[in-house]
Amino acid sequence: MQTPGALDISRRDLLVASAATVTVAGAGSLAHAKTNTSAAPAGTKVSFTVNGERRELELDNRTTLLDALREHLHLTGTKKGCDHGQCGACTVLVDGRRVNACLTLAVMHDGDEITTIEGLGQPDNLHPMQAAFVKHDGFQCGFCTPGQICSSVAMLDEIKANIPSHVTADLTAPSEITPAEIRERMSGNICRCGAYSNIVEAITEVAGRKA
Amino acid sequence: MRAFSYQRASSIEEAAKAAVGTEGAKFIAGGTNLLDLMKLEIETPTHLIDVNGLGLDRVEPTPEGGLRIGALVRNTDLAADERIRRDYALLSRALLAGASAQLRNRATTAGNLLQRTRCPYFYDTNQPCNKRQPGSGCAALAGFSRQLAVVGVSDACIASHPSDMAVAMRVLDAAVETVRADGTRRSIPIAELHRLPGDTPHIEHVLERSELITAVVLPKPLGGKQIYRKVRDRASYAFALVSIGAVVQPDGTGRVAIGGIAPKPWREEAVDNELANGAKAAAAKLLANARPTEQNAFKLTLVERTLSAVLAEARG
Ligand SMILES: Cc1cc2nc3c(=O)[nH]c(=O)nc-3n(C[C@H](O)[C@H](O)[C@H](O)COP(=O)(O)OP(=O)(O)OC[C@H]3O[C@@H](n4cnc5c(N)ncnc54)[C@H](O)[C@@H]3O)c2cc1C
Ligand code: SF4
Ligand code: FES
Ligand code: FES
């Protein structure tokens with residue numbers, strides 16, 4: 001396990017605090033993620049594709065997909081915010097669909113195709129969504145950004161696939177790309193720096209270019 | 001997290017047998033609730049049976065004119081299904097009001113029904129909680145109970161059931177199909193799936209330990225105006241304080257179930273007859289036996305007002 005730096009911890013606290021209304025009202029219990037080290041960990045082999053590359057791992061069953069990516073494959077672009085499904089920092093694509101990598105076990109993904117922020121684009125070859133986030137200042141500290149970008153790429157695909165949302169007025173009509181739709185569909189990604197309006201602008205630009 | 005062994009089940013029989021044969025075994029579907037609780041060691045299974053490979057991921061028509069929803073159909077896929085959107089809009093709406101897109105992409109039909117309470121003291125292992133540790137007491141009674149239940153509660157537990165989907169299923173009178181380790185199958189009306197806490201709040205439903213949910217069956221469509229309205233502390237990605245699922249017919253008759261106020265989706269068939277008399281009468285009947293705390297008594301007013309808004313929308 002890595003020892004997170006002080007900055008890392010304060011950021012995490014903030015993200016968790018902001019997500020508190022989704023779990024509990026006011027039971028500030030951050031002392032979790034206990035690990036039982038005494039019991040012999042039971043392991044399982046798993047093989048999946050990460051960013052187009054076949055990876056074979058033998059993992060302690062307890063390893064989340066997030067920890068497999070970060071600690072075992074050293075793909076640290078995907079971030080750990082809350083580790084409880086409340087912030088979206090860990091969003092990756094599994095077979096093209098966005099999921100919270102912190103709430104799924106790595107061994108449950110045998111044969112799956114996983115895409116992380118590193119696979120979407122590289123510094124000299126940015127994905128259009130990455131470029132749009134840079135152009136529109138869609139971040140400040142950047143901690144939520146890999147999750148925001150993975151999420152928004154999959155989100156536009158969901159609209160294209162005509163998956164409705166909570167704010168879709170007519171369930172039988174095709175889905176539209178509006179700021180209200182983008183906001184609702186991106187609500188699973190919390191930004192503690194509050195870069196939301198610029199994030200919506202970045203996504204809107206990419207959506208417009210695509211349409 | 002405690003160590004556990006892991007098995008990918010490839011048939012329903014294999015899954016049910018493994019569950020009965022291994023003390024401490026649990027099924028894992030989307031994992032979005034179970035893993036969350038395992039990290040906190042609130043759930044401590046010794047063996048996980050992964051049921052994602054069982055092929056229970058289809059929505060099929062039934063001979064009765066309804067739909068059979070496989071237990072592993074993801075919340076996203078169910079909400080987006082053309083037939084659900086057209087004929088059971090209430091269910092689509094309830095699903096889309098829950099969690100986030102990422103979570104709905106993993107969350108399954110069966111897992112959603114069996115998700116556990118979000119009571120803050122159930123989550124805080126330093127606090128007494130009869131549900132987590134039978135006999136230890138209930139910290140919520142004198143604590144933060146804003147999110148918790150006002151009806152169906154007991155002196156031992158006032159936890160609310162957090163599912164939005166279950167509220168819609170209750171309005172639609174869905175049935176839960178299961179298979180047990182000996183191969184026998186049964187169909188449980190959704191009204192009978194969840195148990196009230198009484199003095200055993202740790203027992204939350206009527207399923208046996210090894211009983212696998214295979215499908216949830218919807219009767220034929222009800223028509224009418226279908227509405228799901230959720231009131232919460234923020235506009236998205238938050239659990240309900242109060243939610244209302246309703247089907248209202250042109251003549252003003254209908255059905256209603258309430259979420260966020262009870263240990264299970266709350267519906268009283270007798271109240272349906274009251275709907276034509278307006279929200280005040282219906283809410284009074286629904287909440288006749290309410291036992292709110294000081295912190296959640298506002299829900300009594302909120303139910304009436306939300307119902308009033310729902311009935312107005314249905315008329316409009
Ligand atoms: C941050 C956050 C916000 C959320 N917000 C909402 C919300 O607003 N509204 C809402 O309704 N929900 C919300 N949820 C909860 C979410 O909907 C549930 O976690 C999800 O539906 C559970 O489904 P799953 O398939 O992941 O279940 P799992 O975690 O895999 O399983 C849950 C339970 O069901 C059992 N189980 C699973 N499948 C079967 C089967 N086939 N037969 C028998 N037993 C089975 C498991 O053993 C386990 O006990 C939220 C969750 C999070 C983390
Ligand atoms: S309300 Fe129920 S779940 Fe919450 S602390 Fe009391 S016993 Fe536990
Ligand atoms: S780390 Fe916060 S949702 Fe996964
Ligand atoms: S959390 Fe800092 S940029 Fe979003």
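**Briefing: chain contact, sheet and ligand shell**

Chain B and chain A bury about 4700 Å² between them, 53% of it on carbon and sulfur atoms; buried area is the accessible area (1.4 Å probe) that two parts lose on being put together, summed over both. This is a predicted model, in which local features need pLDDT of at least 70 and side-chain atom pairs count only at pLDDT 80 or more, while totals for chains, interfaces and linings use all residues. Residues are numbered from 1 along each chain as its sequence is written, chains are lettered from A and ligands numbered from 1 in the order in which they are written, and side-chain values use heavy atoms, without hydrogens and water.

**Interface**
- Chain A contributes 63 residues and chain B 52 residues to the contact (heavy atoms within 4.5 Å).
- Two salt bridges are counted between chain B and chain A (a side-chain nitrogen of Lys or Arg within 4 Å of a carboxyl oxygen of Asp or Glu).
- A salt bridge joins the side chains of A:R97 and B:D77 (3.2 Å, N to O).

**Sheet of chain A**
- Five strands form an open sheet with mixed pairing, in the order β2-β1-β5-β3-β4 (strands are DSSP runs of E, at least two residues, numbered from the N terminus; two strands pair if DSSP finds at least two bridges between them).
- Because β2 (53-60) and β4 (97-100) of chain A each have a single partner strand, one side of each is left without a neighbour in the sheet.
- Strand β1 (residues 43-50) of chain A runs antiparallel to β2(A), joined by eight bridges.
- A:F48 stands opposite A:R55 in β2(A).

**Ligand 2**
- Among the 13 residues around ligand 2, B:C119, B:C129, B:C138, B:C157 and B:I158 come nearest (a residue is near if one of its heavy atoms lies within 4 Å).

Technical notes: Helices (H or I, at least four residues) and strands (E, at least two) are DSSP runs, numbered from the N terminus.
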